[in-house]
Amino acid sequence: MRARRLLAAGAMLLLFAVAAVAAARLDLDDDGDDSEVLDELLAVDDEEERGELDGAGKAAGGAAAEAVRRAQSMVLVLDNDNARRAVEENAELLLLGYAPWCERSAQLMPRFAEAAAALRAMGSAVAFAKLDGERYPKAASAVGVKGFPTVLLFVNGTEHQFTGLHTKDAIVTWVRKRTGAPVIRLQSKDSAEEFLKKEQTFAVGLFKNFEGAEYEEFVKAAMSENEVQFVETNDMNVAKILFPGIASEEQFLGLVKTEPEKFEKFNGAFEEKAILQFVELNKFPLITVFTELNSGKVYGSPIKMQVFTFAEAYDFEDLESMIEEIAREFKTKIMFIYVDTAEEKLAKPFLTLYGLEPEKPTVTAFDTSKGSKYLMEAEINAKNLQKFCLSLLDGTLPPYFRSEPVPEEKGLIEKVVGRTFDSSVLESPHNVFLEVHAPWCVDCEAISKNVEKLAKHFNDLDHANLKFARIDASVNEHPKLQINNYPTLLLYPAQDKSNPIKLSKKLNLKDMAKFIKEKLQIPDVKTVAPADNVKDEL
């Protein structure tokens with residue numbers, strides 16, 4: 001899939017050109033229809049993605065190519081010579097900065113193209129442009145393209161960077177709000193029905209006279225919220241088309257989505273902050289399907305408690321309705337997210353945090369305010385999931401820490417894992433010298449050899465009451481072992497395990513031995529007889 005997407009990048013560039021042209025300020029031929037051209041192009045793109053183009057499909061592709069030829073002269077292509085001038089000469093300019101090798105650029109281009117065509121169909125005066133920032137670095141620097149892909153809107157020369165979801169609707173909403181249309185006014189049934197055909201998620205407000213303090217707060221919220229389109233009406237019949245459950249209220253605000261929980265009514269005070277919070281907490285579906293496009297919004301969600309289900313698509317189908325019911329119970333308190341384990345680059349980073357393999361459906365949780373993670377080890381059913389969520393909310397759910405299996409044997413250097421850290425280190429009656437390492441650590445191998453020599457050196461000193469231990473922190477965790485770099489050497493005195501002493505890894509063997517003897521107050525230095533094979537090194 002990835003290789004095919006990369007190979008299709010050139011085709012996506014072509015698609016971008018077509019739709020961006022259709023969205024440019026210049027008019028198409030009189031018989032041209034922007035929406036029909038866009039639908040045609042998207043249909044061809046979908047068939048190419050599935051590999052289903054037959055003779056008829058290729059003919060449609062020919063029609064798309066004709067659309068390119070028809071509109072090619074209207075594409076605004078920026079380079080080192082005209083980039084700055086384009087910004088200065090266009091009152092409103094939406095720019096996509098991309099690089100041909102960038103996969104995310106290739107993914108964004110068709111969505112950017114859809115947004116461009118949609119804005120053109122709405123009568124927007126925004127001009128559209130593209131810039132190959134790899135080929136024209138001077139131009140990219142001049143207009144503020146610092147990475148790929150970048151979407152910038154210039155309004156009278158002032159730059160606004162788009163940071164929302166890389167979807168058509170998000171881009172369209174953002175551009176309209178930045179170019180003077182934060183709220184769409186609908187005053188007829190026909191306009192409402194037409195609006196419903198195009199919009200998926202929106203906030204609708206009913207205000208009798210479009211005036212007053214509450215209305216002003218509504219408009220402020222509309223200008224601040226960049227992803228959800230706000231619409232307004234003063235006609236109850238129009239409002240009922242958009243939000244069928246509305247009663248005979250003179251003032252109303254609701255959120256509409258294309259999800260199982262389609263209609264959400266606002267019951268708070270008409271204040272900007274409260275309205276924004278209502279939209280932010282309710283704009284996600286009951287179960288959010290995790291993707292590269294929405295990952296930033298998931299991480300940045302104001303809902304800090306998040307429950308993740310990891311499963312193959314066919315397994316998730318059996319769980320979805322049950323999880324939706326539980327999600328409905330904890331709506332706005334817990335965010336429920338599904339990650340398809342077949343999408344390895346999405347699922348693997350999460351599962352690695354737990355040391356898990358995607359062998360079967362798994363439910364985990366994160367408290368993003370604390371950085372704590374949790375694992376549901378019980379069978380996945382409604383009763384257990386509800387209990388898991390209740391415990392997560394009331395703070396009684398124990399955090400999950402990774403651990404290797406408990407080792408069966410203890411050698412000269414004891415292997416410590418997450419589950420034995422308490423008994424082997426914190427609760428041990430011995431002084432404990434602990435080496436914390438990771439398999440990918442460059443310096444760890446040399447330090448480990450020195451630790452082995454130290455262990456041999458102190459092995460016969462019974463009065464030292466000292467044992468050596470080692471833990472692989474890449475696969476073992478403990479709340480009282482917070483390590484930022486490897487290797488880390490810690491000395492836990494038997495009398496005070498709560499304050500381990502950190503040793504410098506730059507010390508040589510002799511200095512390490514001396515340091516240990518001083519800190520543990522090992523009495524008679526003369527009785528310390530290093531083993532023959534380490535005596536010279538100490």
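## A helix, a sheet and a disulfide

In helix α19, the buried residues are Leu509, Met512, Ala513, Phe515, Ile516, Lys517 and Leu520, where buried means under 20% relative accessible area, exposed means over 50%, and partly exposed lies in between, with a 1.4 Å probe and protein chains only. The model is a predicted one, in which local features need pLDDT of at least 70 and side-chain atom pairs count only at pLDDT 80 or more, while totals for chains, interfaces and linings use all residues. Residues are numbered from 1 along each chain as its sequence is written, and side-chain values use heavy atoms, with hydrogens and water left out.

An α-helix has 3.6 residues a turn, so residues three or four places apart point the same way. The buried residues of α19 pack against β17, α18, β18, β19 and β20, contact being heavy atoms within 4.5 Å. Helices (H or I, at least four residues) and strands (E, at least two) are DSSP runs, numbered from the N terminus. At the start of α19, the backbone nitrogen of Lys510 has a side-chain oxygen of Asn508 within 3.2 Å, and just after the helix Gln521 takes a positive phi of about 55°.

The sheet is open and has five strands in the order β16-β18-β17-β19-β20, with mixed pairing; two strands pair if DSSP finds at least two bridges between them. Its edge strands, β16 (413–416) and β20 (501–503), each pair on one side only. Four bridges join β16 to β18 (residues 466–472), and these two strands run parallel, with Val416 standing opposite Ile471 in β18.

The structure holds one disulfide, which is a pair of cysteine sulfur atoms within 2.5 Å. Cys441 and Cys444 form this link, with their sulfur atoms 2.4 Å apart, and the link is right-handed, with 95° about the S-S bond. The table gives the relative accessibility of some cysteines.

| Cysteine | Relative accessible area | Class |
|---|---|---|
| Cys441 | 11% | buried |
| Cys444 | 4% | buried |
| Cys102 | 9% | buried |
| Cys389 | 0% | buried |

Definitions and conventions. Polar contact = N/O pair within 3.5 Å; in protein donor to acceptor, adjacent residues only side chain to side chain.
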